[in-house]
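Please keep the sequence and the structure in view while reading.

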Amino acid sequence: LAPIIQINNLVYSNYQFPNSITFDQQLVQTAILSIIVFNIIFSFTYYKLTKNYVANNQNYAFSEKFDFFKYYKNSFYVIIVLSIIIIPFLSSFFLEGKSMMQAQRTGQYQGSYGKTSTLIVLKFLFYIPFFPAIYSIINRNKLSIYIIIFTIILLIIFKNPFFDKRHALGPIYLLLLTFYYSSIYKSNLKSVTLLFVILVIGYPAVSIITHNPQFRLEYDFTTFYYAGFDEVFLNIFNQLHYDAFANFMGAIKYYQVENVKIGYQLLGSILFFVPRSIWPTKPLSSGEEVGWFLLNDYSLHFVNISQPFIGEGWINFGFIGILIFPIVFAYIFYFFYKWSQDKDKLKNVAYVFFSYHLIYLLRGDLMSGLAFFVGPFLAIYVVPKIISKILNKNKLLNL
């Protein structure tokens, strides 16, 4: 939707896309062809994998059920205690929160938390309280209403809708909604409809207020009713936070112009956790790398931009990346698809979290997408799984 609106708006934008890249018909056609090829290869590979899986696991649905409530019950209470212990740490962290946010923009923060520490706190520790909340939602008919309310409040303390960013809040609260209304989980139509309403209608509508100070100054609710649809709603898609297609073209141009090291950006993304103090030549994220290119060659005014997953293929391997990346991606999808069929609901939860996180991961860049996925995944899935295995093992030994 955004590329169509942006292309139609070129005559009014001096033939520039939101990221300042100049319109080039051949570049646009290359981008569209790449997207078509990527989607065909991904769809075919994923279809073949899932078709074979269904054929080989027809009797799995009739196997013995997994008792999620009993298996994770002790972990549920242990993690509640852990979450309460973390609360003072939460307070001290947010006392420095304002200066830390400023540091991300200026690089002048001198407080207690470095960039790696901040990532661990925000993307791992603060996700620990999610497990008690989702456990309560799934087993709400077996738990006291007071325990359920307490776990939800505990989650809100750490993942506050008024302070956290959309990409951090979206998967968490959509997860709760999905498992509260289980029909969303069981129906592709309902889940796609939910995402369509949120992404195509909800986010743009909210952005009218949150990302458009001029509109807030010039319009009140009365004049909003009479404002033109193009002026108020469609114009949102001409702004830089709908820049995926434009930044993908930037990635193609970057590959064509710069002296690219094959696979170097991908290596940096996979090893995102390695500090720059250990790896001084560690590549920048692909979004920032292309951002500097656009700043120098097309006068883009800042470098903190996104880079969609398909653009990562171009940056690392050129058009060959459009042939490799969808196959790898299909196998990753297939891995989590198998988790969606598992009797262990914790795997189902991890699968749904991955699905919702894809909204951010696919927009990119890959380095940020992986960094912001691994921490929450460890907190949501790995920590409860390890605690449960330890507690259940000790229980069996005692027997």
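## Aromatic pairs

The count of aromatic pairs comes to 44; rings of Phe, Tyr and Trp (its six-membered ring) pair if their centres lie within 6.5 Å, and planes under 30 degrees apart count as stacked, over 60 as edge-to-face and the rest as tilted. The rings of F42 and F329 have centres 5.9 Å apart and planes at 40°, so this pair is tilted. F42 belongs to helix α2 (residues 25-56) and F329 to helix α19 (residues 319-340), and the pair links parts of the chain 287 residues apart. Helices (H or I, at least four residues) are DSSP runs, numbered from the N terminus. F42 counts as buried at 16% relative accessibility, and F329 counts as buried at 4%; buried means under 20% relative accessible area, exposed over 50% and partly exposed in between (1.4 Å probe, protein chains only).

The model is predicted: local features need pLDDT of at least 70, side-chain atom pairs count only at pLDDT 80 or more, and totals for chains, interfaces and linings use all residues. Residues are numbered from 1 along each chain as its sequence is written, and side-chain values use heavy atoms, with hydrogens and water left out.

## A stacked pair

The ring centres of F353 and F373 lie 5.7 Å apart with planes at 20°, so the pair is stacked. Because F353 lies in helix α20 (residues 345-363) and F373 in helix α21 (residues 366-398), the pair ties together parts that are 20 residues apart in sequence. F353 is buried, with a relative accessible area of 3%, and F373 counts as buried at 11%.

## Charges over rings

The charged end of R140 sits over the ring of Y180, 4.3 Å from its centre. Likewise, the charged end of K261 sits over the ring of Y264, at 5.1 Å from its centre. The rule requires NZ of Lys or CZ of Arg within 6 Å of the ring centre and within 35 degrees of the ring normal.

## Helix α15

Helix α15 (residues 244-257) has 14 residues and reaches 20 Å from its first C-alpha to its last, close to the expected 20 Å; the expected span is 1.5 Å times one less than the number of residues. Its buried residues include F245, N247, M249 and Y254. Among the elements covering the buried residues of α15 are α1 (2-8), α2, α17 (286-298) and α18 (309-317).

Note on methods:
Helices (H or I, at least four residues) and strands (E, at least two) are DSSP runs, numbered from the N terminus. Contact means heavy atoms within 4.5 Å.
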